[in-house]
Amino acid sequence: MTKLDAKIPKGPLSEKWTNYKTHQNLVNPANKRRLDIIVVGTGLAGAAAAASLGELGFNVMCFGIHDSPRRAHSIAAQGGINAAKNYPNDGDSIYRLFYDTIKGGDYRSREANVYRLAEVSNNIIDQCVAQGVPFAREYGGLLDNRSFGGAQVSRTFYARGQTGQQLLLGAYSALSKEVGKGTVKMYTRHELVDIVIIDGRARGVIMRDLVTGAIERYAAHAVVLATGGYGNVFFLSTNAMNSNGSAAWKAYRRGAFFANPCFTQIHPTCIPVHGEYQSKLTLMSESLRNDGRIWVPKEKEDAEKIRKGQLKPTDLPEEKRDYFLERRYPAFGNLVPRDVASRAAKERCDAGFGVGNTGLAVYLDFADAIKRLGKKVIEARYGNLFQMYEKIVDENPYETPMMIYPAVHYTMGGLWVDYELQTTIPGLFAAGEANFSDHGANRLGASALMQGLADGYFVLPYTLQNYLADQIRVPRISTQLPEFEAAEKEARAVINKLLSIQGKNTVDSYHKKLGLIMWDYVGMARNREGLRKAIDMIQELRADFWKNVKVPGTNEMLNPELEKAMRVADYLELGELMARDALMREESCGGHFREEYQTPDGEALRDDANFFFVGAWEFTGDNKEPALHKETLVYEYAEIKQRNYK
Amino acid sequence: MSNLRLKYASITKKIIMGVMGLFLSSFLVVHLSINLLVLFDNDQYLFNQAAHFMATNPLIQTFQWVLFLAFVVHIILGIVLQIQNWLARPIGYKVKGYSEQSFFSKYMIHTGMVVFIFLIIHFANFFVKAKFGMVDEITYPDGKTVDNLGILIVNLFKDGYYVAFYVVSILLLGFHLEHGFQSAFQSLGLHHPVYTRWIKALGTLFSVVITLGFITIPIVIYFFR
Amino acid sequence: MDLTLKVWRQANAKENGRFVEYKVKGISSDASFLEMMDILNEQLVTEGQDPVAFDHDCREGICGACSMYINGRPHGPDKGTTTCQLHMRRFKDGDTITVEPWRAKPFPVIKDLVVDRSAFDDIIQAGGFVSVSTGGVPDANAIPIPKRKADLAMDAAACIGCGACVAACKNASAMLFVSAKVSQFALLPQGRVEARERVQNMVAKMDELGFGNCTNTYACEAACPKEISVANIARMNREYLAARVIAPND
């Protein structure tokens with residue numbers, strides 16, 4: 001059954017990547033020009049990969065759904081990017097970053113991949129500085145670092161509250177440089193509708209031009225998917241409106257395995273839901289937890305009064321407040337990893353201590369920090385976040401504590417990839433959030449940017465060459481081959497079907513229903529019964545969608561409703577797989593919390609004896625149960641422990 | 001590539017506009033100080049002497065052509081820039097936008113055009129007449145014989161319509177200067193966290209002084225002479 | 001609250017557009033402007049009409065996708081705010097709101113409120129980068145950068161490329177956008193290396209694309225959701241002057 005070979009290089013952990021690079025196959029410059037590579041996605045991973053591969057001399061085609069590559073959702077990351085530079089001299093090292101990431105991921109990630117990530121993290125910072133990324137600096141002119149959740153050292157580099165934006169603009173500028181030179185051809189407003197497999201290898205893609213609706217074929221020697229995560233399956237998430245899981249899903253349907261789909265990260269510091277019309281949730285950077293203290297009232301009566309607006313939080317005396325993270329986790333306090341913080345907030349709200357008019361919010365209070373450091377310092381650190389909060393909530397966080405609640409933020413699961421970032425389809429690679437590899441069951445803050453750029457700048461340019469080395473004799477692939485013909489026909493059939501239903505319900509109405517099912521049963525806390533119910537409900541909803549959805553307009557136009565419909569159709573399948581994966585995984589780890597498996601004091605209870613593996617799912621056909629493949633994890637170096645942030 | 005730059009070169013044009021503008025502003029100071037002399041005596045002696053000096057000094061005469069060139073370049077570039085600007089937005093907005101930052105900046109072409117028309121009339125009235133000897137001479141008691149340009153001014157400013165036209169034109173020139181002065185500094189890249197505020201204030205002061213100065217002359221002559 | 005919307009509708013780049021009036025009812029004052037547009041679109045889809053197309057993505061004010069000209073102002077009445085962060089509490093019950101696309105020759109309308117801003121990408125491709133390839137770069141702390149300069153560079157780099165500056169400018173000039181990128185790199189030693197070439201190439205591309213000229217009205221700064229300063233434009237002018245005239249070989 002198992003086809004899963006992670007292809008981890010031999011040797012000690014710290015030498016694996018060096019060994020790989022020393023012994024891998026290369027492609028000579030003259031041959032690079034004759035090899036085509038398709039990169040789908042222009043976020044950190046996609047833009048970095050396209051630019052780096054273009055620099056090497058490959059012929060790159062890069063696709064993005066936005067009007068410009070610079071809009072990819074990496075742009076929204078606020079807090080920072082980790083690296084093991086140890087500039088602050090506080091005891092950081094590659095090994096420590098590796099270990100923190102493994103531990104933060106609750107021992108469900110692959111050792112070798114994570115070590116490589118930690119190893120190249122320093123190169124990323126060097127690269128970005130060279131590109132002109134304006135990282136925060138100290139008065140001496142050297143780079144500044146801040147601390148972040150899940151770490152006891154300060155290893156996070158940042159550019160005000162806009163680190164993701166600045167890093168993406170760095171990658172975008174590198175990409176633009178290559179587009180200008182002609183080594184990369186950029187296609188904006190193009191969405192992947194299928195992947196073309198020829199003789200078992202990924203050889204091209206079918207794209208829909210979002211402006212004209214034209215269905216186009218593109219062929220290449222290798223295809224890279226850097227299309228991000230699938231958090232929008234929940235409808236309400238911190239993801240951008242157009243972020244979607246469809247490209248990865250198409251790969252799955254074409255035979256790539258989907259790993260750990262149930263590992264979803266719920267971010268603790270988001271602005272609470274406020275109305276039914278709400279379209280998305282806004283994240284407030286985790287860095288706020290550096291200075292903000294999280295609390296709810298100690299007494300239910302006080303919480304009740306606050307909810308009704310009879311009591312102001314600022315009037316509640318100190319002794320009547322419950323700083324529950326500091327109480328439960330004295331060692332890490334407000335800086336526990338995201339999954340722990342989220343669950344603790346949910347626990348308090350479920351127990352009736354929540355605030356805000358819905359009771360689904362906790363306070364994040366800066367009063368102490370303002371007293372200690374002064375308003376100016378707080379303003380300098382978080383000014384833009386406070387401003388954003390005030391715009392949305394219409395309350396001044398300098399005066400009254402912020403309200404936050406967890407929200408879906410990131411998906412650790414994704415396409416299964418080996419050490420080379422190659423999926424189970426030869427020639428199909430996945431990078432960034434789209435793959436599953438580095439974060440295990442939970443991602444640490446400031447590590448997504450690190451992984452995206454590591455994959456794009458420093459991993460793919462090597463591993464793709466290793467793959468392409470034996471492809472140099474393969475001539476340019478024709479888009480007239482029958483496989484392209486068939487894939488295009490299938491894509492058109494789906495589009496025509498969606499347009500022909502003309503039912504009575506809008507696409508969003510289905511998406512919202514799916515989101516509620518996912519949040520209620522496949523969200524922060526899951527149980528057997530609920531997951532089974534969710535699977536049934538999703539199947540029902542899917543059947544209804546294909547009967548009653550209403551998609552206006554035609555294919556041959558800019559048709560955002562059609563775009564949404566195609567994505568929701570995929571979510572309606574993906575959601576089910578997530579529930580199945582969550583049902584299969586009878587343990588609690590990281591972002592996956594099964595109510596049946598917890599310690600007496602409510603902490604996650606991992607089961608390393610039975611679930612120390614990556615669960616990779618294989619598509620077996622529509623409405624058929626997918627097949628599970630297990631990649632058993634082998635830890636040679638990291639000591640496996642119960643995660644303890646107390 | 002260099003051809004392309006010549007053809008477009010928006011910043012180059014702006015810099016030239018700015019330099020010419022500032023040069024023309026300095027000319028206005030000279031012009032105003034001489035004009036004001038007309039108010040200081042009843043027989044325009046001072047003014048006519050100064051005018052005579054300006055008309056005969058070889059250095060000034062040479063400079064006159066530089067000035068003329070500056071006018072031409074400033075005007076032509078202004079028109080070219082404006083046409084390009086109009087072309088940059090072929091379809092306008094239904095709800096017109098407004099800038100809170102600088103009101104007069106939106107009407108540079110309009111104020112500029114009025115000033116240009118004024119300039120032509122002004123040329124016909126004074127410059128052409130003086131150049132082609134169409135001005136009567138006057139011999140003052142001290143024996144100096146010069147063209148009596150002063151009387152030309154006084155006579156013109158007895159005409160109410162002309163005074164009105166003159167005053168309006170100068171007012172618009174003032175508006176033009178109010179934006180143009182500080183704008184020239186910005187075009188030249190002279191922006192400063194502190195001094196830019198002073199430059200703007202100076203620009204306003206300059207435009208007010210120039211406007212009031214020029215307007216005072218016809219008002220005084222029309223009403224008090 | 002109940003509102004009347006006058007929205008620019010245009011089927012595609014080739015056809016002529018016009019304003020169409022819509023009524024939306026019962027909008028919460030806590031809804032964002034785009035959520036109000038979502039509600040309108042749900043209504044239109046249910047009625048069997050074509051929904052209004054508009055660019056949007058992150059809805060956090062950072063991606064720069066949203067681009068609506070609302071009641072005579074890019075991104076609406078709030079200072080330093082993108083359309084997606086504009087909330088309906090800024091309007092009154094019964095208001096009429098006119099929504100138009102960005103208007104500029106280099107930003108042709110694709111559909112309704114969606115315009116093609118690829119001209120900005122073209123400008124970046126002409127020089128908005130530091131010519132370093134991946135790998136082989138010095139240590140990040142090898143070159144100290146004065147905090148003052150790093151902060152100024154960050155101020156300039158905060159530009160989200162939404163195009164509000166072009167939309168607001170009476171001349172449809174892109175100077176604020178271009179100068180922000182030129183400034184960011186000119187202020188940093190890494191970008192200084194090719195500063196002379198960069199400013200000339202980017203300005204030439206900007207001119208070639210048909211953006212208007214800057215007349216220093218500063219409407220761009222007033223409309224910029226990231227409040228990028230016009231000091232950047234002055235810096236670019238200075239850089240350009242230096243590159244072309246004063247010290248081309250520095």
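Mentor: Domain bounds here come from an automatic or database domain assignment, and on that basis chain C is divided into domain 1 (3-110) and domain 2 (118-246). This is a predicted model, in which local features need pLDDT of at least 70 and side-chain atom pairs count only at pLDDT 80 or more, while totals for chains, interfaces and linings use all residues. Residues are numbered from 1 along each chain as its sequence is written, chains are lettered from A in the order in which they are written, and side-chain values use heavy atoms, with hydrogens and water left out.

Trainee: How many residues of domain 1 of chain C are in contact with domain 2 of chain C?

Mentor: Counting heavy atoms within 4.5 Å as contact, 18 residues of domain 1 of chain C meet 20 residues of domain 2 of chain C.

Trainee: And what area is buried between those two domains of chain C?

Mentor: About 1400 Å², with carbon and sulfur atoms giving 64%, where buried area is the accessible area (1.4 Å probe) that two parts lose on being put together, summed over both. On the side of domain 1 of chain C, C:P74, C:P106 and C:F107 lose the most area to domain 2, together 34% of what that side buries.

Trainee: Switching topic, how much do chain B and chain C bury between them?

Mentor: Chain B and chain C bury about 3800 Å², 54% of it on carbon and sulfur atoms, and the contact takes 41 residues from chain B and 50 residues from chain C.
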